[in-house]
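Open the model in your viewer and keep the selection panel at hand. The tour goes one selection at a time.

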Amino acid sequence: MKVSVSVSLLLLCFVCHVKAVTVESCPLATGNLLRTEVEKTVTLTCMTDKGIDPSNQNELQWFRNGARVNLAEENRWSRSSLCVQPVTKEDNGAVFICQLKGDASVNSSIEFDVQYPPDLNDTKEVFVEETSDVVLSCDVRANPPVTVVWKKDGEVLDLTSGSYKTTNNGITAQLSITKAKRNVHQGTYICEVNSSVYGIMGRTFNVTVEDKVLRFPVGPTIAGVVVVLCTIVFALISRRNKIIKCIKSN
C-alpha cells in the first residue's frame with residue numbers, strides 16, 4: 001500500500017512539472033490547421049502552460065518556416081502575440097512555431113491554409129499574323145486548385161485538330177496556336193476555370209488574325225547601300241585624280 005501511494009505521488013509530481021506552450025488563434029484553427037483568406041487578418045497568441053513555473057521568466061520565440069521572427073522585448077515573456085496583416089498568397093502553407101528559448105523541445109505550431117481565387121475576369125486583345133504562332137496565357141494559381149477548360153466562340157475547344165496545344169503547371173495555363181489561319185483560328189477564346197470555393201471565372205482573348213506583312217530586310221539593305229555609296233565615292237575620287245593629272249600634263 002505504501003509503495004502504491006509513493007508511485008501515485010511520483011506520477012502527480014511528474015505531471016505538475018510537464019512543460020508546454022499552447023498557441024491560440026483568431027480565427028480559430030482546426031487542430032493545427034488554420035484556414036483563412038487573402039487580405040484577412042490573423043492573430044496568434046502563444047502562452048506557457050501551468051506546468052511551467054510562473055515565477056520563472058520564460059522567454060518565448062516565434063519562427064515562420066524556420067526563420068526567427070523579431071519580437072519586441074515586452075512581447076517575449078510567458079505570453080507572446082503575432083499579428084499577420086494582411087494575409088497573402090505567400091502565407092499559404094506557412095508554419096508558425098512558438099517555443100521556449102531555453103528548451104526548443106517545448107513548442108507548439110500552427111499551419112496556414114490560405115484560400116484565394118485565380119487572378120482572372122479580364123479581356124485581352126490579341127493580334128497575330130497569318131502563319132505565325134501565338135500563345136494565350138492565364139494565371140490559374142489558386143487555393144483550392146481549379147480545373148481549366150478552353151473555349152472558342154462559346155464552345156469547348158476541339159484540341160484534336162493538331163494546331164492547338166495546352167499546358168497547365170498549376171500556376172499558368174497556356175493555349176498555343178501553331179501557324180494561325182484566319183478562317184480557323186480567329187475568334188473569341190476563353191480560359192474558363194472552375195473553383196469549388198469561388199465558382200466559375202475566366203479570361204477572354206479576342207484573337208484577330210491579320211494579313212502577313214512582307215518585311216523589308218533592313219540590315220542587308222543598309223549594308224548594300226553603304227557598299228554602293230563607297231564604291232561611287234571611290235570612283236569619283238579616282239576620276240577626279242585622273243582629270244587633275246590630265247590638266248597638269250597639258
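In which strand is Ser 80 found? Select residues 79-84: this is strand S6, and Ser 80 is found there. Strands here are DSSP runs of E of at least two residues, numbered from the N terminus.

Before going on, note that this is a predicted model, in which local features need pLDDT of at least 70 and side-chain atom pairs count only at pLDDT 80 or more, while totals for chains, interfaces and linings use all residues. Residues are numbered from 1 along each chain as its sequence is written, and side-chain values use heavy atoms, with hydrogens and water left out.

**Ser 80**

Is Ser 80 buried or exposed? Ser 80 counts as buried because its relative accessibility is 0%; buried means under 20% relative accessible area, exposed over 50%, and partly exposed in between, with a 1.4 Å probe and protein chains only. Show its side chain and that of Trp 62: a polar contact of 3.0 Å joins the two. The Ser 80 side chain also reaches the backbone oxygen of Asn 75, at 2.6 Å. A polar contact is a pair of N or O atoms within 3.5 Å; within protein, one must be able to donate a hydrogen and the other to accept it, and residues adjacent in sequence count only if both atoms are side-chain atoms. Leaving out residues up to four places away in sequence, Ser 80 touches, among others, Leu 44, Cys 46, Leu 60 and Leu 71, where contact means heavy atoms within 4.5 Å.

**Strand S4**

Next select residues 60-64, strand S4, where 4 of the 5 residues are buried. S4 runs antiparallel to strand S7 (residues 95-100), joined by 5 bridges; two strands pair if DSSP finds at least two bridges between them. Within this pairing, Arg 64 stands opposite Phe 96. Strand S5 (residues 67-69) is also antiparallel to S4, through 3 bridges, and Val 69 is the bridge partner of Trp 62. S4 and S5 form a hairpin with 2 residues between them, and Asn 65 in the turn has a positive phi of about 50°.

**The cores**

Now select Leu 136, Trp 150, Tyr 189 and Phe 205, the residues with the most contacts inside the largest nonpolar core, which has 23 residues. Such a core is a set of buried Ala, Val, Leu, Ile, Met, Phe, Trp, Tyr and Cys residues joined through side-chain atoms within 4.5 Å. Strands supplying at least two residues each include S9 (122-129) and S16 (199-210); S16 gives the most, with 4 residues. Apart from this core lies another, of 21 residues, including Val 21, Val 42, Leu 100 and Ile 110.
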